Amino acid sequence: MSILLIGGTGKTATRVAALLAAANEPFLITSRRGPDAAPNGYPAVKFDWTVEATWSGLFEKGHVEAVYMMQPQVSQPWVPMIKFVDFAKEKGVKRFVLCAGTTAAIGEDGAGRVWEHFIKSGVDYCVLRPSWFMENLIEPGLVYTISKLGKIFTAAQDGEIPFVSADDIADVAYHALIDEKSYNCDLRVIGPEILTYDRIAGILTKVIGRKVGHVKLDEAGRIENLTQTGLSDYYARFLTHLEILASQDFEKATDDVVEKVTGHPPKSFAAFAEENKAVWLDS
């Protein structure tokens with residue numbers, strides 16, 4: 001039996017793969033580029049949500065017990081995802097773990113449609129709903145503005161966000177995949193503290209020894225800011241919308257899911273910053 005990690009080269013799936021490898025749990029990761037894209041020599045197979053001819057190959061290397069999945073960046077992603085769930089169920093898959101987001105809601109377009117299908121089809125499942133990734137701060141765009149300009153640009157204003165590390169998301173996902181009893185619910189995966197971008201900037205200032213400030217943009221200004229970096233108008237508006245929601249404290253929440261599921265508290269942003277300070281200092 002093995003575990004299938006769809007989108008196996010992404011932030012969380014690579015971390016889940018490392019946890020499975022350390023526990024000697026068999027797994028297979030997927031990529032649109034096939035085995036050549038597999039990190040660390042992990043077993044991999046070519047897969048594309050939009051090319052159904054690639055689906056059968058996932059089940060040719062042995063029985064798959066569980067599947068970890070994220071939404072593909074396609075129009076109406078729930079359409080191929082629901083079809084794949086049914087296909088995988090016919091192949092004997094018993095459990096599905098979906099990494100969605102805060103905005104996911106049962107039955108609503110996006111991950112919510114897939115979540116609803118899990119329930120209707122009677123499979124074991126878990127829907128992870130993490131808050132914003134700490135790792136966003138070490139993406140190239142933000143590394144540049146932090147290290148070169150000493151600034152973080154957002155439309156989040158003073159919104160409070162429980163940033164969470166991809167390490168903790170992956171650890172929760174790992175348990176959702178391998179724990180004997182399926183959770184059959186959603187899990188809100190968040191960090192240990194609620195932070196504003198002003199506080200994020202303050203922590204970074206202390207850790208890297210350079211002044212970092214938070215520039216608060218309005219909606220139009222943020223869309224323009226993002227499109228100037230090369231993002232499409234659609235994606236710029238999407239990201240700005242999320243930041244506007246955050247400014248209204250949509251993300252604000254507290255819970256102990258990470259510690260309950262994994263047995264350890266979630267990583268703090270200060271610890272994350274210390275671990276990654278070379279990224280900002282060396283850029």
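This is a predicted model: local features need pLDDT of at least 70, side-chain atom pairs count only at pLDDT 80 or more; totals for chains, interfaces and linings use all residues.
Of the 283 residues in the chain, 50% are buried. Along its principal axes, the C-alpha trace spans about 55 × 35 × 35 Å. A compact globule with 283 residues would have a radius of gyration near 19 Å, and the chain, at 19 Å, agrees with that. As for the contacts with a separation of 6 or more, 73% of them are made by residues 24 or more positions apart.

Turning to the secondary structure, the chain holds 10 helices and nine strands. In what order do the strands of the open sheet stand? There are seven strands in this sheet, they pair in parallel, and the order is 3-2-1-4-5-6-8. Strand 3, residues 44–46, and strand 8, residues 185–187, stand at the edges with a single partner strand each, so one side of each has no neighbour in the sheet. If we ignore direction, neighbouring strands of this sheet are turned by 20° against each other on average.

Within that sheet, I would like to pick out strand 4, residues 64–70, and strand 5, residues 95–99, which pair in the parallel sense over five bridges. Helix 1, residues 11–22, lies across strand 1, strand 2 and strand 4, and runs at about 165° to strand 1.

Next, the aromatic residues. A search of the whole structure finds 15 aromatic pairs. One of them is formed by F47 and W49, an edge-to-face pair with 5.2 Å from centre to centre and 75° between the planes. Are these two residues, F47 and W49, buried or exposed? Both F47 and W49 are buried, and for F47 the relative accessibility is 3%, which is why it counts as buried.

The rings of F47 and F84 also form a pair, and because their centres are 5.6 Å apart and their planes stand at 70°, this pair is edge-to-face. F47 sits in the loop between strand 3 and strand 4, whereas F84 belongs to helix 2, residues 78–90, so the pair ties together parts that are 37 residues apart in sequence. F84 has a relative accessible area of 0% and is therefore buried. Taken together, F47, W49, W55, F59, F84 and F87 form one aromatic cluster.

Finally, a loop residue. Q157 lies in the loop between strand 7, residues 151–154, and helix 5, residues 166–178. Its relative accessible area is 28%, so Q157 is partly exposed. Which residues does Q157 touch, if we leave aside those up to four places away in sequence? The residues that Q157 touches are H214, K216, L217, D218 and S247. By contrast, if you locate Q157 and K94, which are 63 residues apart along the chain, you will find their C-alpha atoms separated by 43 Å.

Terms used: Residues are numbered from 1 along each chain as its sequence is written. Side-chain values use heavy atoms; hydrogens and water are left out. Two strands pair if DSSP finds at least two bridges between them. Helices (H or I, at least four residues) and strands (E, at least two) are DSSP runs, numbered from the N terminus. Axes are lines fitted to C-alpha atoms, for helices over the stretch in contact, and angles run from 0 to 180 degrees between N-to-C directions. Contact means heavy atoms within 4.5 Å. The radius of gyration is taken over C-alpha atoms; the globule rule is 2.2 Å times the number of residues to the power 0.38. Buried means under 20% relative accessible area, exposed over 50%, partly exposed in between (1.4 Å probe, protein chains only). Rings of Phe, Tyr and Trp (its six-membered ring) pair if their centres lie within 6.5 Å; planes under 30 degrees apart count as stacked, over 60 as edge-to-face and the rest as tilted.
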